[in-house]
Amino acid sequence: MSNSTYVQDYNAIIAVLNKYNEGGAKANSAIMKPAFNENATIFGIENGKLTGGKIQTLYDVIDTSFRPSPEASAAVVRVDIVGTAASARVDTDNISGYRFTDFFNLLKADGKWTIVSKIYHTHAGA
């Protein structure tokens with residue numbers, strides 16, 4: 001049972017999401033890796049087909065296909081928290097020439113929030 005308040009949990013989740021955003025903007029998966037559970041997953045639609053799997057897929061793309069993007073900006077659109085479960089939406093502009101909407105599911109285990117899954121949408125004409 002957690003004794004933390006909603007505000008404390010919210011701020012802890014924002015810190016996790018900021019690690020993700022920083023790693024993407026710097027094209028360095030090592031920065032974002034602590035935000036994710038080791039068994040996390042990622043899924044999206046690429047060329048009309050479902051793609052994804054283990055979170056390592058994200059790390060590989062960040063490290064090989066992305067470039068540092070100091071112009072990137074992100075907005076945490078919403079965070080919903082119920083006990084030890086949460087979901088969040090993050091919209092990102094100008095990250096390696098792309099614009100994304102990401103949806104994250106997080107769980108609080110051993111007093112720490114961690115992302116357990118990510119689904120994303122890549123916007124056209126970014």
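Buried, in what follows, means under 20% relative accessible area, exposed means over 50%, and partly exposed is whatever falls in between (1.4 Å probe, protein chains only). The model is a predicted one, where local features need pLDDT of at least 70, side-chain atom pairs count only at pLDDT 80 or more, and totals for chains, interfaces and linings use all residues. Residues are numbered from 1 along each chain as its sequence is written, and side-chain values use heavy atoms, with hydrogens and water left out.

Aromatic rings make a handy place to start. A pair of aromatic rings is described by the distance of the centres and the angle of the planes. Here, rings of Phe, Tyr and Trp (its six-membered ring) pair if their centres lie within 6.5 Å; planes under 30 degrees apart count as stacked, over 60 as edge-to-face and the rest as tilted. The structure has eight such pairs. One of them is Tyr6 with Tyr10, a stacked pair at 6.5 Å centre to centre and 20° between the planes. Both tyrosines sit in helix H1 (residues 6-25), four residues apart, or about one turn of the helix; helices (H or I, at least four residues) and strands (E, at least two) are DSSP runs, numbered from the N terminus. Tyr6 counts as partly exposed because its relative accessibility is 45%, and Tyr10 does so at 31%.

Tyr20 and Phe104 make an edge-to-face pair, because their ring centres are 4.9 Å apart and their planes meet at 70°. This pair ties together distant parts of the chain, with Tyr20 in helix H1 and Phe104 in strand S5 (residues 98-109), 84 residues apart. Tyr20 is buried at 9% relative accessibility, and Phe104 is buried at 1%. Together with Phe36 and Tyr59, these two residues form one aromatic cluster.

Leaving aside residues up to four places away in sequence, Thr114 touches Ala35, Phe36, Asn37, Asn105, Leu106 and Leu107, where contact means heavy atoms within 4.5 Å. The side chain of Thr114 reaches the backbone nitrogen of Asn37 at 2.9 Å. With 11% relative accessibility, Thr114 counts as buried.

Over on the surface, Phe43, Ile45, Leu50, Phe103 and Ile119 form a nonpolar patch with about 470 Å² of accessible area together. Areas come from the Shrake-Rupley method with a 1.4 Å probe, and for residues only the protein chains shown count as cover. Phe43 lies in strand S1 (residues 36-46).

Notes. Patches are made of residues with over 30% relative accessible area and no salt bridge: like charges are joined within 9 Å, nonpolar side chains (Val, Leu, Ile, Met, Phe, Trp, Tyr) within 5 Å. A salt bridge is a side-chain nitrogen of Lys or Arg within 4 Å of a carboxyl oxygen of Asp or Glu. A polar contact is a pair of N or O atoms within 3.5 Å; within protein, one must be able to donate a hydrogen and the other to accept it, and residues adjacent in sequence count only if both atoms are side-chain atoms.
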